[in-house]
Amino acid sequence: MTSALDNAGHVPVLTAEVLHYLQPGRGGLFVDCTVGLGGHARALLEAGATRVIGLDRDPDALAVARERLAPWSDRVELVHADYRALDEVLDGRGIPFVDGALADLGVSSLQLDAPGRGFSFQRDEPLDMRMDRSRSGTAAEERYSRRIARAIVHARREAPIDTTGRLASIVRRGIPRRGYMRIDPATRTFQALRIWVNRELEGLDRFLEAAARRLRAGARLVVITFHSLEDRVVKHTLRALERGGARGLTLLKVLTKKPVTPGDAEVRSNPRARSAKLRAAERVS
């Protein structure tokens, strides 16, 4: 199998682990619910998936994915849709069940690196953070949240906080510095804003149940998260679906007792993978 490395050098996280759990070599229809730049979808196709439907709420990412997946254009359909619209997308195509589903809930390299998106404080630019820029509402939890909040309130009296650089500077001043800090002090604040702007936790549990119900017996669901709030929702929802949930019907068998994380080699080659956690489950009924 060739590498899932795309033309710009972006590598999807935990690719080998995704393939291990989804088993695309069996063939069939797989849904990449957060297709991003197409790295995981490409790996699925190269490993034997018969067909892939890719969803993403970022039109810019879909444009890149469409170009990179062009060699498999007869086996790929890309849809501008939020992953939480999975039922609507499949119903609209008359598809009752799929042979595997993947949701990588992280921010794509395109969103972090592209100028003007406002996800990163590495550049001073408009504070946007929307994954889907066709939606309104920009961004114009953490240990020191009270200090940061006071610093933000004070700064807003002087001028609006509408750029990434200004917000990062305010947050850094609001957090006491004690020697070397591995992660920039502004990271958690930017993450919290991004979660709020994109409603990243809203409806995640319902999506997981919907995805589970769309799996054929023996098909698998893989979810990759990048922060503890999402991982907690995924862990508890998968366990509830394994126990039977409110309806008393066991849908899934959890395959990962603990989350699967990247090895040292992957983190060295792709530092953004360091916080990734993968959980997998299999449809049993």
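**Close-up views of a predicted model**

**View 1. Ile-53 is found in strand β2.** The model shown here and in the other views is predicted. Ile-53 is buried, because its relative accessible area is 0% and buried means under 20%. Leaving aside neighbours within four places in sequence, Ile-53 is in contact with Leu-29, Phe-30, Val-31, Asp-32, Glu-77, Val-79, Leu-90, Arg-93 and Ile-95. The C-alpha atom of Ile-53 is separated by 5.8 Å from that of Val-76, a residue 23 residues apart from Ile-53 along the chain.

**View 2. The largest nonpolar core has 33 residues.** Among its members, Phe-207, Leu-221 and Leu-252 touch the most others. Two or more residues of this core come from each of β1 (29–32), β2 (51–56), α4 (86–91), β4 (98–104), α9 (204–214), β5 (215–225), α10 (228–243) and β6 (252–254). Helix α9 gives the most, with 5 residues.

**View 3. Leu-221 and the residues it touches.** Not counting residues up to four places away in sequence, Leu-221 touches Ala-101, Leu-208, Ala-211, Leu-215, Leu-238, Arg-279, Ala-280 and Ala-281.

View 4. Of the 285 residues in the chain, 51% are buried. The chain exposes about 14,100 Å², and carbon and sulfur atoms supply 50% of that area.

Definitions and conventions
Residues are numbered from 1 along each chain as its sequence is written. This is a predicted model: local features need pLDDT of at least 70, side-chain atom pairs count only at pLDDT 80 or more; totals for chains, interfaces and linings use all residues. Side-chain values use heavy atoms; hydrogens and water are left out. A nonpolar core is a set of buried Ala, Val, Leu, Ile, Met, Phe, Trp, Tyr and Cys residues joined through side-chain atoms within 4.5 Å. Buried means under 20% relative accessible area, exposed over 50%, partly exposed in between (1.4 Å probe, protein chains only). Helices (H or I, at least four residues) and strands (E, at least two) are DSSP runs, numbered from the N terminus. Contact means heavy atoms within 4.5 Å. Accessible areas come from the Shrake-Rupley method with a 1.4 Å probe; for residues, only the protein chains shown count as cover.
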